[in-house]
Amino acid sequence: MQRQWFVGWLVFVAMGSLAFGSPAVAQPHAVQSAASAPPSRQTAAQWKGLAAQYPGDEGIERDPRVLFVEDFETGSVAEIGRRWGNIRLPENISLSDELHAASPGVRSLRIRDNGHLFTHTRGVDTMFARFYVKFHEQIGYIHHFVHLVADRTPEPWPKGGAGETPPGDAKFSTGIEPTGVWGKYPPPGIWNFYTYWHEMKTKWGTVFTGKEEPIEPGRWYCVEVMLRANSAPEKADGIQAFWVDGELKGWFDGFRWRTTDKLKINSFWLLFYNTDQPARHNKDPHPETRQMEVWFDDIVLATEYIGPVQGRPASGKKRATPSQSALMTPGLLIAEPTGVVFSEKFEQGPGKFEGGEVVEDGAGGSKVYAFPARGAWIWNAFSQPVSEATTIRFKLKPLGQPRDIQVLIWSGKHSDNCRYHIGPLEPGKWHAIEFRAIEARVGWGARGPSLEGDVLDNFKLVFAGGEDDRLLLDEFEIGQ
Ligand SMILES: [Ca+2]
Ligand SMILES: [Ca+2]
C-alpha cells in the first residue's frame, strides 16, 4: 500500500514537469540549538556570527546550525536548479567569474532580467539567510527580490498569494528588497522588508524600512536577514532584522507571525523579478538605459547569525558540498500519506458518487464520471480524521468552459463548508489535482479556519458554467 502511494506521487511529480533529478538523500542530521533568551536589538548588534568559526566558509555546511549552503562552485546551472528543487528561466541564469573581495571560490551566479532559484530547508522557528549580492552599474528599480517563507503545505514551486492575507496557520513571508521609495533614491534604492502575514493591515503586504542608505550599483554587499517566529501562538514576540556588511541596519519586533507553532520557516526564494511597474512608480527618467542584472554568491541559511565570510580557507580555494532541497527527503517538512484509504476509478460504475454519470473517456476505454455545474458529490463513503498527511487527489478534464472549479467539504466542527479552489484548467485536457485536506478552509475565499482536526466524510466538486459544460472526474483517491 505504502509503495503504491509513493509510486503515484512520483508519477504526479513527473506530470507536473518538475526537475527532481537526484534521489532523496538525507541532509546531514541537524539538531536544534538550545533555547536561549530572545535576542534584542542591543545583543544582536554584538553578534560575531558562526562564519567566524569557519575561515573562508570552509566546512560551514557541516555545522549543525547550518540549514543550506550554496557557493555556486559545483555543477552547471541545470544541476544547481535540480538540487534547489525549482528554477525559473534558467536561460537567464549563468555562472560568472565576478567575485566579492572575501570570496573563497571562483564562481558566482548571474541573473539577468528575470529568474529565480527556490528551495526548502527543514522547518525552523528562526532562519538566518546570508548572501552576497551585486547589482549591475546601470541597474533599474526592481519589482521583487529575495524572500524567506514559512509554508505549512510546501510545494516544490513558489506559490502565488500577491494581494491575499495568508491565514495565520498557513503561511508568512518576508522579502529583503531594494526600493526607490517613490523616486526618493536612485536605483536600485534602499533595503526594506516587504512582508506578508495574517495580521498585516494592507492588502498588498507591509513595508518596513531600516536605515536609509542607498545601495551602490556595481558594488558587492553581504546581506543577512533574520526571520524569527513568535515563540507561542498567543505571543507577539516575532522579529525580523537585516544586516549589511555585518552591521545591523534594520530591526522590527512585536510580530505575531503565526497562530500555530506547526507553521515553520522552511523556504528560501532567490528571486530577481522585474516588470516595468517600479520604473513608473519611481518616475525613472531613463528606464530604457537600465541593465537588469544581479550577481549572487556564498549563500548560507542557518538557525543562528552567520555574518560575512571571515578569512581564507586553510586549503586555499574551497568548494562546499552542495546542499539540496529538504523536500527531497519525504516526510521531513510535512507528514506524507502512507497508504490509500479510499479510491474510485469508475470502472465498475459510479460507486457512491452522485450528481453525474459514468461515461467512456474515449482514451484507452477507461470509464470516468461526467457531471454538470451543480456538482458531483460523495457522502459517508469514508470517514477520516484530518491530519497533516491527509491528501486528496484526482484527475479532471473540463469539457466546454467550466469556471471557478472548487471543492466543498462539510465541516462538522465549523458547521460550514470548507473550500479548496482549483485554478483555471485548460479545457479538453486531463489535469492532476492534489491537495492536503488541511488546505480546505471555511469561507468563499477559503481564508477562514482550516479542516485540520476535523473529520473528512464528504466531498463535493462544483463549478460555474453553462448547461452543456461538464467536468470529467477519474482516479479519485484519499491518502492517509
Ligand atoms: Ca562562489
Ligand atoms: Ca477510470
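This is a predicted model: local features need pLDDT of at least 70, side-chain atom pairs count only at pLDDT 80 or more; totals for chains, interfaces and linings use all residues.
Biologist: Let's start inside. What makes the largest nonpolar core a core?

Modeller: A core is a set of buried nonpolar residues joined through C-beta atoms within 7 Å. The largest such set has 74 residues, and Phe128 and Leu301 have the most contacts inside it. Strand 6 (residues 126-135) gives the most to this core, with 7 residues. Apart from it lies another core, of 29 residues, including Ile409 and Phe459.

Biologist: Which residues is Phe128 in contact with, leaving aside its neighbours within four places in sequence?

Modeller: Contact calls for C-beta atoms within 7 Å. Among the partners of Phe128 are Val225, Met226, Leu301 and Tyr305.

Biologist: Why is strand 4 called largely enclosed?

Modeller: A residue is buried if 20 or more other C-beta atoms lie within 10 Å of its own. In strand 4 (residues 108-112), 4 of the 5 residues are buried, so the rest of the structure largely encloses it.

Biologist: How do you know that strand 4 pairs with strand 3 and strand 15?

Modeller: Pairing takes at least two bridges. Strand 3 (residues 93-96) is joined to strand 4 by 4 bridges, and they run antiparallel; Ser96 has Ser108 as its bridge partner. Strand 15 (residues 293-302) is also joined to strand 4 by 4 bridges, again antiparallel. There, Leu109 has Phe296 as its bridge partner.

Biologist: And the domains: how far apart do the C-alpha centres of domain 1 and domain 2 lie?

Modeller: Domain 1 covers 41-328 and domain 2 covers 340-479. Their C-alpha centres lie 37 Å apart. The contact takes 4 residues from domain 1 and 6 residues from domain 2.

Conventions:
Residues are numbered from 1 along each chain as its sequence is written. Chains are lettered from A and ligands numbered from 1 in the order in which they are written. A residue is buried if 20 or more other C-beta atoms lie within 10 Å of its own, exposed if 12 or fewer, and partly exposed in between; C-beta atoms are placed from the backbone. Helices (H or I, at least four residues) and strands (E, at least two) are DSSP runs, numbered from the N terminus. Two residues are in contact if their C-beta atoms, placed from the backbone, lie within 7 Å. Domain bounds come from an automatic or database domain assignment.
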